[in-house]
Amino acid sequence: MSHLDSSGPPEAAALLAEREHLRALLRLMPVGVYIVDALGRPLESNPVAESIWGGPLPRVGLEGYGVYEGYWPGSGRRLEPHEWALARTLRDGQPVVNEELELVAFDGARRTVLHSTTALKDAQGTIVGAVAVKVDITTRRQAEHAEAFLTEATRLLVESLDWESTLQAVARLATRQLADFCIIDVVGEDGELHRLVASAREPAHQPLMNELLRFPPKVGSPSPLSRVFLEGRTLLLPDISREALATMARTPEHLRAMEELGPRACMAVPLSVGARRVGVLNFILSTPGRRYTERELKYAEELARRVAFVVEHARLFREAQGALRARDTTLALLEAFLAASPVGMGFVDRELRYALVNPVLAAMNGKSPEAHRGHTVRELLPEPEEATFVERLLREVMERGEPRTNRNALIPARPGIPPRPVHSTFFPVKVGGETLGVGLTVLDITEQKQVEEGLRFLAEATTRLSSSLEPRTTMESTVRVVAEHLADCCMLDVRSEDGKRLERVAAAARRAETQRVLEEARRLSPHPHPDSPTWRVLESGRALLVSEVGDTLLEDDTLDAHFRATLAPLRPRSVMFVPLIARERTLGVLTVVSQDETRRYTERDLAFVEDLAWRAALAVDNARLFHQAEQAVAARDDFVAIATHELRNPLSALSLQLTALQRTVDAGHMPTEDKLRQSLVTARRQTERLERLVSHLLDVSRVSTGHLELEREEVDLAQLVHWVVVRFEEKLAEAGCTAVVRAEAPVVAKVDRLRVEQVVMNLLSNAMKYAAGQPVELHVEHREGTAVLGVRDFGPGITPEMQARIFERYQRATGKHARESLGLGLYVSRQIARAHGGELKVESTPGQGAHFLLHLPLG
């Protein structure tokens with residue numbers, strides 16, 4: 001269609017008339033219509049089409065269709081220029097019928113339309129243009145979506161009792177059909193709004209919504225959402241300004257998060273059930289071109305009504321569930337309490353029939369809890385006198401309405417059950433002033449009586465155990481006490497001094513024949529086998545309970561054969577092995593035996609015996625300490641006497657020598673040179689002896705206080721031994737000893753020279769003292785990364801018992817040399833060796849001399 005003038009030929013006038021007729025027809029049509037030429041440029045369009053697009057259509061061809069903004073409803077993808085229906089129809093001539101599109105008009109409005117196109121062809125079939133028809137179905141689609149949304153939301157709301165997850169599902173549904181963001185605030189028990197749900201259509205926006213969960217509206221604040229909740233009136237904001245956002249924000253952080261979401265419109269609807277308001281439902285749009293209308297507001301209000309019903313229903317359901325849980329919890333607690341209670345408990349109704357009884361009380365009566373229910377007290381209690389007494393108490397409590405407490409009684413013996421003392425209480429059970437029955441509690445105080453008797457026994461036993469300060473007497477008292485009160489027989493084994501075996505120091509039995517067996521067994525102690533029960537208890541310090549002794553224990557190869565042969569006649573039925581521990585040291589093991597077929601030891605018996613064993617261990621240890629204290633006092637007195645004697649000898653000799661010289665000088669006679677030299681030599685020897693004695697005492701003090709200090713240096717031990725021998729030549733000659741040194745190769749170690757010299761001199765002095773007239777051998781060598789320095793004499797040697805004791809303080813040899821020293825030399829020497837990280841040992845066979853070996857690390 002070209003531009004025609006009415007002044008032209010008649011054909012042109014006719015065409016112009018037809019075009020005007022077409023325009024008039026287009027203006028009357030209720031749908032949007034526009035006509036394009038073969039290049040896709042608009043020729044004619046009606047007002048409806050322009051209203052759909054929000055203005056006149058631009059005169060652009062197919063290549064300019066990018067100015068139009070349209071989206072496929074399914075995927076939300078924007079149409080490319082060649083995908084528009086007109087472009088496709090002009091390209092292939094095929095019509096498009098009722099194709100649904102989402103359009104964003106030039107004025108920003110978003111509409112849903114049905115799009116149809118058909119090609120215009122000339123007589124030859126050539127496409128000369130096309131006609132497009134658009135039907136605006138936005139309102140219809142919104143209504144359909146709203147109805148579908150309400151239907152689906154209602155289904156979600158009624159299908160689940162988990163209202164929190166249901167509301168989250170409804171919010172997600174709302175973001176697909178009614179909003180870009182949906183927020184649900186629910187009032188809590190504190191009267192404040194709590195943000196339960198904050199959902200976004202786009203996953204990328206969900207982190208921001210999660211931030212908004214921290215900022216529910218504050219009730220009573222000027223926030224619009226607070227007013228919606230308090231006033232119960234709906235809020236519709238078609239356009240949200242920054243000022244409106246600021247009134248909603250609680251903090252700058254809250255405002256920043258909302259601004260990042262970019263809200264453009266919102267609806268806030270109160271959640272109300274009658275006059276009760278339970279929260280706020282908030283829908284937010286951020287998509288350009290979309291605005292909320294009154295129609296959508298009505299849908300939102302309808303949804304809010306249904307959501308409010310669910311929230312209120314959930315509240316009531318929670319309260320009902322809470323009440324049921326409280327009731328069930330109370331019943332469960334009552335049942336659990338009754339079942340777990342160590343006290344017998346029950347309830348009888350007004351007819352004195354058992355309505356409730358726990359297992360403990362049922363066991364006391366000798367019947368099951370089920371056998372009690374519905375039966376009277378007289379029917380259940382076998383003794384008529386007992387039944388009459390209990391009935392009288394129950395009726396008295398029921399009639400007076402007052403409890404009867406703290407009554408002591410004795411339950412008679414029943415088959416398989418011994419008589420038991422009990423402590424009972426009866427109390428009325430009332431509801432609203434009416435007495436429904438009587439509750440009763442019965443406490444078995446058998447163990448309490450046993451504990452009281454046990455405590456009295458322990459007090460008496462402690463007195464008996466503490467009556468003697470002799471360790472062996474105390475041990476014998478221990479086994480007698482146990483045998484008298486807890487066992488048929490009892491034995492006590494202690495570790496020998498060498499730690500390699502056990503010694504049976506005490507044994508006691510109730511019967512004479514058993515005592516004879518124990519006396520025989522006393523000579524046979526268990527060998528130190530790691531699997532032996534006695535040794536396991538001794539080494540671990542933990543008690544062992546064998547409640548039931550079978551034949552396997554007596555056939556156990558880990559026990560000594562003689563010991564098992566002696567134990568077998570005892571016919572033990574239950575055994576406890578209990579350690580005696582004092583000051584974290586296990587002194588021995590107490591073996592407690594029951595021969596009674598009916599008595600089996602329990603954990604309570606074990607705990608009782610452990611208490612007694614602890615007291616016995618303290619008594620034994622105190623006796624030992626007292627004995628050691630006596631020995632220490634005797635040793636101290638002996639040492640003082642010896643020290644006084646030893647110190648007095650050199651002092652007396654020195655004093656006499658100096659007095660003689662003084663007298664000679666006072667008489668005017670100067671001593672000769674030989675006489676003066678002899679006097680000075682004698683004085684020097686006595687002074688050296690005195691220095692050595694004082695030095696040993698000082699070294700003992702340093703070792704005791706941890707102040708023995710070393711000044712290490714590289715020392716050739718072979719050279720050091722040669723030097724000491726040269727220094728001792730005169731003393732060796734006086735003792736009639738010849739020193740033989742085997743130390744040719746250098747042996748260098750980093751040691752304190754003076755301290756090592758002190759050790760060598762002590763060893764050499766001892767060799768000259770105890771093996772006078774015999775040769776003395778000294779040797780130095782490397783041995784497995786260690787320097788070994790040895791001194792061997794050929795004297796009387798040292799007994800095995802004395803080999804361990806000679807390195808202790810104040811220990812001296814017996815015989816003629818017993819009072820010639822303080823007994824400190826070897827003690828100090830060993831401490832010097834250990835301070836270096838080495839050791840001093842002795843190898844000796846009586847009659848074949850002694851060989852002392854000083855081991856020192858090379859480094």
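Contact here means heavy atoms within 4.5 Å. The views below come from a predicted model, in which local features need pLDDT of at least 70, side-chain atom pairs count only at pLDDT 80 or more, and totals for chains, interfaces and linings use all residues. Residues are numbered from 1 along each chain as its sequence is written, and side-chain values use heavy atoms, with hydrogens and water left out.

**View 1. Glu44 and its surroundings.** Let us start with Glu44, which touches Arg19, Arg23, Leu26, Val33, Tyr34 and Ile35, not counting residues up to four places away in sequence. Glu44 sits in strand S2 (residues 42-45); helices (H or I, at least four residues) and strands (E, at least two) are DSSP runs, numbered from the N terminus. With a relative accessible area of 7%, Glu44 is buried (buried means under 20% relative accessible area, exposed over 50%, partly exposed in between, with a 1.4 Å probe and protein chains only). Its side chain makes a polar contact with the side chain of Arg23 at 3.0 Å. A polar contact is a pair of N or O atoms within 3.5 Å; within protein, one must be able to donate a hydrogen and the other to accept it, and residues adjacent in sequence count only if both atoms are side-chain atoms.

**View 2. Helix H3 and the strands it packs against.** In H3 (residues 85-92), the buried residues are Ala85, Leu86, Ala87, Thr89 and Leu90. These pack against strands S1 (32-37), S4 (96-104), S5 (110-121) and S6 (127-136). Just after H3, look for Gly93, with a positive phi of about 80°.

**View 3. An open sheet of five strands.** The strand order is S23-S25-S26-S28-S27, with mixed pairing (two strands pair if DSSP finds at least two bridges between them). Strands S23 (739-742) and S27 (839-844) stand at the edges with a single partner strand each, so one side of each has no neighbour in the sheet. Within the sheet, S26 (residues 786-793) and S28 (residues 850-857) pair in the antiparallel sense over eight bridges, and Thr786 has Pro857 of S28 as its bridge partner.

View 4. Zoom in on Leu778 and you will find, among its contacts beyond four places in sequence, Val721, Val725, Val760 and Leu764.
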